[in-house]
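Please open the model in a viewer and keep the sequence beside it.

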Amino acid sequence: AEGFVVAFPCPTGPGVASSADEEEARVAAREFYVQYGFVVFSNAIDAERCAATRAEVWASLEAATPGLQRDDVHSYARIGDVRDRAAIGGTETYGLAPQPSIFTPEVMRNRQDPRVIGAMALLIGSEDILVSQDRWCVYRPTRGLPGAVADDKGDGDDVLVDRPEWKTRGNLHLDLHPWNYLAGTTDIDELAFDGTRDFPREINMVSAAGGPHLQGVLALLDNREQDGGTLVVPGFHSVFAEWVAALGPVEGHLPSYLASKGGHGSSNWMVPREGGGGSYKFTDVDPVCGLARRVPLREGSFLIWDQRVVHGSQPNDSAQCRMAQFIKGFCRAKTGEGRRQARARIIAREIEQAGTLDELTPLGRKVFGLA
């Protein structure tokens, strides 16, 4: 309704008994997920939590960006300033926070929320799960904005201007190495977690043996079609293995090979990363792109997809921001003991340094791998 994707009621949380109606909704949500490889749960977090998280995100951006004010769209030009990208990220980072992992109070509360965890547990088929330590994103508005923008453009607020240069790049990809995912030849359990950069590496080093792997995005603001946001290719998980087999050897998809043939041009390409991880990128002429669908979300909704599903993002084309938080879930039992201990150590350290130890709940300690 109203342009948003149909959503299912969010489970109340691990260990909470379901009524007959709730159980029926759970079954329907799981059946939808099995068929399409993605599903949306409504009201995973409430409006108050969404507002508090948005305020926290803006506070982080304002602290890192001289002159930025959340209520002054003119100042948004500073977010994408090349000089600030090292500090806060620019459009090339798809609106992501600069830090690979965020441990601020509201972000942590969302990451350990019983309803968020209940949704992932339902799809994984187990309450014994771990969650990622991920980050948020902000897409700036790009259309119908007041004139006299801070960096010069326009000569008055009565003039509305478009800012196409504020758009993130559209993209479709897979956050895994397709060949190594199926072969189980990544070194994911060897991650030392010497720094927070190992959290995104963990996402890109998944294998089928450690699955299922869920990726998710929590909408912190109503996210309409025109606001930009997540794209998915429904059902791709069901043809993933067949698609990989049809690709042929990985060597023919590496940047070095494509460069020797004059560049990737209209060819997709593989971005290999250390430890056997990687990501696979689709060009905009691949037929798969024609199968991608935007997933508009109501505030507080939680979109979850199978990591084998091709996904990406569409740029903002409206006068409203997009704000979201990313959360991934996976099976604790299928992670190596050494990896669990290493990630627990760095999570505990980061939480202590952030001063958010008091935000940890018993459920949070469990899904963060601290208990």
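**Helix 5 and its ends**

Begin with glycine 125, the residue that follows helix 5; its phi is positive, near 90°. Please bear in mind throughout that this is a predicted model.

Next, select residues 114-124, which make up helix 5. Nine of its 11 residues are buried, so the helix is largely enclosed by the rest of the structure. The buried residues are Val116, Ile117, Gly118, Ala119, Met120, Ala121, Leu122, Leu123 and Ile124. Then move to the start of helix 5 and display aspartate 113: one of its side-chain oxygens comes to within 2.8 Å of the backbone nitrogen of arginine 115.

**The nonpolar cores**

Which residues have the most contacts inside the largest nonpolar core? Select Phe41, Met120, Trp243 and Phe302, which hold that position in a core of 76 residues. Helix 5 gives the most to this core, contributing seven residues.

Centre the view on phenylalanine 41 and show its surroundings. Leaving aside residues up to four places away in sequence, phenylalanine 41 touches Ala7, Phe8, Pro9, Cys10, Pro11, Ala29, Ala119, Leu122, Leu123, Ser301, Phe302 and Ile304. Another core, of 14 residues, lies apart from the largest one; Val40, Val217, Ala219 and Val232 are among its members.

**Aromatic rings**

Now display the aromatic side chains, where the count comes to 13 aromatic pairs. One of them joins phenylalanine 32 and phenylalanine 38, with 5.5 Å from centre to centre and 85° between the planes, an edge-to-face arrangement. Phenylalanine 32 is partly exposed, at 24% relative accessibility, whereas phenylalanine 38 is buried, at 8%.

For another pair, select phenylalanine 193 and phenylalanine 199. Their ring centres are 5.2 Å apart and their planes meet at 50°, so this pair is tilted. Phenylalanine 193 counts as buried at 4% relative accessibility, and phenylalanine 199 is likewise buried, with a relative accessible area of 2%.

Then select Trp179, Tyr181, Phe236, Phe240, Trp243, Tyr280 and Phe282 together, as they form one aromatic cluster. Trp243 was met above, among the residues with the most contacts inside the largest nonpolar core.

**Arginines over rings**

Finish with two arginine side chains. Where does arginine 111 lie? It is over the face of phenylalanine 103, at 5.5 Å from the ring centre. Arginine 322, in turn, lies over the face of tyrosine 139, at 4.9 Å from the ring centre.

Definitions and conventions
Residues are numbered from 1 along each chain as its sequence is written. This is a predicted model: local features need pLDDT of at least 70, side-chain atom pairs count only at pLDDT 80 or more; totals for chains, interfaces and linings use all residues. Side-chain values use heavy atoms; hydrogens and water are left out. Rings of Phe, Tyr and Trp (its six-membered ring) pair if their centres lie within 6.5 Å; planes under 30 degrees apart count as stacked, over 60 as edge-to-face and the rest as tilted. Buried means under 20% relative accessible area, exposed over 50%, partly exposed in between (1.4 Å probe, protein chains only). A charge sits over a ring if NZ of Lys or CZ of Arg is within 6 Å of the ring centre and within 35 degrees of the ring normal. Helices (H or I, at least four residues) and strands (E, at least two) are DSSP runs, numbered from the N terminus. A polar contact is a pair of N or O atoms within 3.5 Å; within protein, one must be able to donate a hydrogen and the other to accept it, and residues adjacent in sequence count only if both atoms are side-chain atoms. A nonpolar core is a set of buried Ala, Val, Leu, Ile, Met, Phe, Trp, Tyr and Cys residues joined through side-chain atoms within 4.5 Å. Contact means heavy atoms within 4.5 Å.
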